[in-house]
Amino acid sequence: MPNWTPWEQEWVRIQEELREHPGVQVFRDTRGPMNPDAVPSASGSSERHPPLDSSLYERSVRFSEIGSQWKTVDPYPLVTGEFFLTPLPKAVREIPPSFPPSLYPEEEQRIGAELHIIDDAPYTGAGSFVGIRIQPEVTDPEIWFSDHTRGLWQMDLDYHTYVEYLRRTKGAFGWQHLYTRAPLNDWEFERTADRIARMLDVLPQVFPDYDYTPLRQQLEVRL
């Protein structure tokens, strides 16, 4: 086995679980080459790496990218998802995504200029992504979800918790809104709430070894 960290082994295992389960169809998956120098020193600070708390890098990966696009199939109800992780040291060096003035208000443009994508859905082309907000002197940065058609939403999660719940959901679409202030009990988010509820019914059947209790409890609170 390559010299993967336990966290990297976990993401490889997730890809294998998706591919091997008869109730899941994987459309695409990717695992880029390893960069053994992708995790910075304990200080987490240099000209190339913003001064983030070094503990954040413990939940990063050294693959240049790793992701899967998938859906459940019979006999399970339909759940679709995609994750596409960018290693944290690479993400913070990349150019922020575009937030054109014709589509986004000034405040979202300002926040967007500080976002660096850590997870998105390039194969599905849904246009949504999750970014880490890099600000001067902030070592524990905010996590933001861009819902594409519904704008930017700050998530009530830190980086550690985000990637942990991403591991459990495998990137099932819409789960991020469990941890935003989106009004899930409003008609505008009815489809999103239904999608989340279906995910939390189906995934425990497909992947019984994962604990979905915190996400179920969060849905009860939000509704």
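Is Phe189 buried or exposed, and what is its relative accessible area? Phe189 is buried, with a relative accessible area of 2%, where buried stands for under 20% relative accessible area, exposed for over 50% and partly exposed for the range in between (1.4 Å probe, protein chains only).

The model is predicted, so local features need pLDDT of at least 70 and side-chain atom pairs count only at pLDDT 80 or more, whereas totals for chains, interfaces and linings use all residues. Residues are numbered from 1 along each chain as its sequence is written, and side-chain values use heavy atoms, with hydrogens and water left out.

**View 1. The ring pair of Trp153 and Phe189.** The ring centres of Trp153 and Phe189 lie 5.8 Å apart with their planes at 90°, so the pair is edge-to-face; rings of Phe, Tyr and Trp (its six-membered ring) pair if their centres lie within 6.5 Å, and planes under 30 degrees apart count as stacked, over 60 as edge-to-face and the rest as tilted. Distant parts of the chain are linked by this pair, as Trp153 belongs to strand β7 (residues 152-155) and Phe189 to the loop between α4 (159-169) and α5, 36 residues apart. Helices (H or I, at least four residues) and strands (E, at least two) are DSSP runs, numbered from the N terminus. Trp153 is buried as well, at a relative accessible area of 17%.

**View 2. The ring pair of Phe99 and Tyr104.** A search of the whole structure finds 12 aromatic pairs. In the pair of Phe99 and Tyr104, the ring centres are 4.7 Å apart and the planes stand at 65°, so this pair is edge-to-face. Phe99 counts as buried at 9% relative accessibility, and Tyr104 counts as buried at 12%.

View 3. Lys170, which follows α4, has a positive phi near 60°.

**View 4. The packing of α5 on α6.** Helix α5 (residues 190-206) and helix α6 (residues 213-222) pack at an angle of about 155°, with their axes 11 Å apart; axes are lines fitted to C-alpha atoms, for helices over the stretch in contact, and angles run from 0 to 180 degrees between N-to-C directions. The two helices, α5 and α6, are therefore roughly antiparallel to each other, a term for angles over 145 degrees, while those under 35 count as roughly parallel, 65 to 115 as roughly perpendicular and the rest as oblique. Ile196, Ala197, Leu200 and Pro204 of α5 make the contact with Leu215, Arg216 and Leu219 of α6, contact meaning heavy atoms within 4.5 Å.
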